[in-house]
Each structure stands twice: as structure tokens, then as C-alpha cells.
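Please open the model in your viewer and keep the selection tool at hand. The tour goes from one selection to the next and says what is found at each stop.

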Amino acid sequence: MSRIERFATLTTNPTPAVAFLLANNSRQSSSINGFHTYTTLQMMLHELSAPPALLPVASPSQLVPLLKIYVDGSSPGHCTPATPPPMRLLRQITVTGPSRPLPEHSSNVLSDICGSIKDVAAIMESEQGMKVLEDYVGEEDARNIERFWAEDWMCE
């Protein structure tokens with residue numbers, strides 16, 4: 001897993017991707033086992049702070065066309081919503097960041113609850129806001145976010 005994480009940090013264009021062959025023959029059971037293994041790998045990659053793209057390849061003959069689509073970025077119906085730059089910092093709003101940012105789930109929940117970083121600061125000012133945050137992201141992440149704001153300094 002450490003090799004994949006290191007691979008994912010390469011700064012190339014397009015970003016690094018892992019091509020995963022779902023089946024090496026035409027047997028259906030092999031295809032089902034390949035899909036199960038693919039989803040298991042996908043869950044493991046989800047734990048990484050910057051996971052590489054995981055491209056499912058149904059057969060070896062589909063590898064080259066799939067890579068062309070990935071490199072060209074011309075996948076039909078594929079759209080990545082633009083994230084406002086300040087909201088990308090949500091994962092760092094924790095006392096454990098940047099070495100251990102918030103889990104992606106917690107930052108996604110935080111972005112659903114709060115429309116801006118200013119809203120995150122505002123929710124941390126009240127006990128009721130803190131309770132809401134604990135309910136959604138868990139006590140540990142909520143406390144780490146609270147400690148981040150408590151240690152936040154502003155210099156003028």
C-alpha cells in the first residue's frame with residue numbers, strides 16, 4: 001500500500017492511475033471475483049489522503065482505449081465539480097493537520113453543514129454547534145477541530 005501511496009503523489013498530467021484487470025479469462029466466476037477484489041482495493045485506496053484513480057478494465061483488449069479516454073479526459077458524462085479553493089482546506093482544519101488531516105468523510109460532512117470556513121468558525125463558538133458537529137463527524141474529529149480553532153492565532 002505504501003508503494004501505491006507514493007505512486008499517487010507523483011505530479012504528472014494526467015494524475016497517476018492504477019489499471020485493474022477484472023478478469024483474465026472469460027469465465028464468469030473469475031469476473032465476479034475480480035470485481036470483488038476491485039471493490040476491496042477501492043475501499044483500501046479510499047483511506048489514503050490522495051488516492052490514485054482506479055480504472056476497471058474488463059479485458060486486456062480494453063486497456064488501451066480506456067487509457068486514451070483517461071489521458072484525454074474525454075469520458076462522456078464524466079464531470080468533476082469545481083470546489084472553491086478555500087473549501088479544499090477543510091481537511092486541514094484539525095489540530096492533527098497537516099500530517100494527519102481530517103478523514104475525507106468528516107471534511108465532506110463539514111462542507112455539507114457549513115458553506116464556508118467562516119461558517120465552521122461560527123459553529124465552533126457555541127455548545128449547540130459543537131454538539132451538532134459531534135453528532136455528524138464524531139467526538140474525536142469534533143474535538144480536534146475545536147482544538148484547531150482554540151489554537152488559531154491572528155497577527156495584525
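The stops below take in a helix, the cores and the aromatic pairs.

This is a predicted model, in which local features need pLDDT of at least 70 and side-chain atom pairs count only at pLDDT 80 or more, while totals for chains, interfaces and linings use all residues. Residues are numbered from 1 along each chain as its sequence is written, and side-chain values use heavy atoms, with hydrogens and water left out.

**Helix H7**

Select residues 139–150, which form helix H7; helices (H or I, at least four residues) and strands (E, at least two) are DSSP runs, numbered from the N terminus. The end C-alpha atoms of H7 are 16 Å apart, in agreement with the 16 Å that its 12 residues should span at 1.5 Å a residue, the expected span being 1.5 Å times one less than the number of residues.

Now colour Asp-141, Ala-142, Asn-144 and Ile-145, which are buried (under 20% relative accessible area, with exposed meaning over 50% and partly exposed in between, for a 1.4 Å probe and protein chains only). Seen down the axis of H7, the buried residues fall within an arc of 160 degrees, so they line one face of the helix; the arc is that of the directions from the helix axis to the C-beta atoms. On the other side of H7, Glu-139, Glu-140 and Ala-150 are exposed.

**The cores**

Show helices H4 (104–113), H5 (117–123) and H6 (127–137) next, since the buried residues of H7 pack against them, where contact means heavy atoms within 4.5 Å. The largest nonpolar core has 14 residues; such a core is a set of buried Ala, Val, Leu, Ile, Met, Phe, Trp, Tyr and Cys residues joined through side-chain atoms within 4.5 Å. H4, H5, H6 and H7 each give two or more residues to this core, and its largest share, three residues, comes from H6. Apart from this core lies another, of eight residues, among them Val-18, Phe-20, Leu-48 and Leu-54.

**The aromatic pairs**

Rings of Phe, Tyr and Trp (its six-membered ring) pair if their centres lie within 6.5 Å, and planes under 30 degrees apart count as stacked, over 60 as edge-to-face and the rest as tilted; by this rule there are two aromatic pairs. Select Phe-20 and Tyr-38, whose ring centres are 5.7 Å apart with planes at 55 degrees, so the pair is tilted. Phe-20 lies in strand S1 (residues 17–21) and Tyr-38 in helix H2 (residues 28–46), so the pair ties together parts that are 18 residues apart in sequence.
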